[in-house]
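The sequence and the model are shown first.

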Amino acid sequence: DCFQKLWNDDTINDKIQFVLGGHVTNSDAHRYFIHIFSGNQHKKAENNMLLLPAMDVFSFGQMYEVCDIILAPLVDTEFNRCKSNLKVVEAGWKCKPVIASNVFPYACTIKNDKTGILIDSRRNHKDWYRAIKSLVLDENKRKTLADNLHTEIITNFNIESYKEYIINLYQSVIQQPVN
């Protein structure tokens, strides 16, 4: 419903483009994602979908350069609760605002309406639509959320500040006698 509403909304449908990174041709999963993001093959979505191919670990960060807003939907499952908050950290390093599901691990990193927008799973399609629309239309809000997230990430996820701790940790492991 969210994406159909976005493509049907004449106040924003000419201002949006969806980017699917890591696209693999002939993938059932990616066909499904395209179907969802295109709002069930909505006419307005035809020329506003960008499919970026899978990239190696050294290049994939370029995908963030073509996006203005990062969407991080995640179903709250035991498996997903074991995932990292990497998408949010990457978006913060690239100074991009994030709209994410209000689930672990994202809920631990994002402060709602300060460093991103968290979506309650019980109101998924309605709140995703409202959040995307608000950020598309409000450049100041996009910039504020992006700047706040960037500051949070460079402060708390800077490997240089943990370098000494990591070195000491590795050295303590290496120096342990083997039984």
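A salt bridge is a side-chain nitrogen of Lys or Arg within 4 Å of a carboxyl oxygen of Asp or Glu. The model is predicted: local features need pLDDT of at least 70, side-chain atom pairs count only at pLDDT 80 or more, and totals for chains, interfaces and linings use all residues. Residues are numbered from 1 along each chain as its sequence is written, and side-chain values use heavy atoms, with hydrogens and water left out.

**Strands and sheet**

- Strands (E, at least two residues) and helices (H or I, at least four) are DSSP runs numbered from the N terminus, and two strands pair if DSSP finds at least two bridges between them.
- Strands of a sheet pair through backbone hydrogen bonds, either parallel or antiparallel.
- Three strands make up an open sheet in the order S3-S4-S5, and the pairing is parallel.
- Because S3 (70-72) and S5 (117-119) stand at the edges with a single partner strand each, one side of each has no neighbour in the sheet.
- On average, neighbouring strands of this sheet are turned by 15° against each other, direction ignored; the axes are lines fitted to C-alpha atoms, for helices over the stretch in contact, and angles run from 0 to 180 degrees between N-to-C directions.
- S3 and S4 (residues 98-101) run parallel and are joined by three bridges.
- Ala72 has Ala100 in S4 as its bridge partner.

**Salt bridges**

- Side chains of opposite charge can pair when their charged atoms come close.
- The structure contains 12 salt bridges, and three of these are described below, with exposure classed by relative accessible area (buried under 20%, exposed over 50%, partly exposed in between; 1.4 Å probe, protein chains only).
- Lys15 and Asp14 form a salt bridge through their side chains, at 3.4 Å from N to O. Lys15 is partly exposed at 49%, whereas Asp14 is exposed at 59%.
- Arg31 and Asp28 form a salt bridge at 2.5 Å, N to O. Both residues belong to helix H2 (residues 28-37) and lie three residues apart, about one turn of the helix. Arg31 is partly exposed at 44%, and Asp28 is exposed at 60%.
- Lys163 is joined to Glu160 by a salt bridge whose closest N and O atoms are 3.8 Å apart. Because Lys163 and Glu160 are three residues apart in helix H7 (residues 159-174), about one helical turn separates them. Lys163 is partly exposed at 42%, while Glu160 is exposed at 52%.
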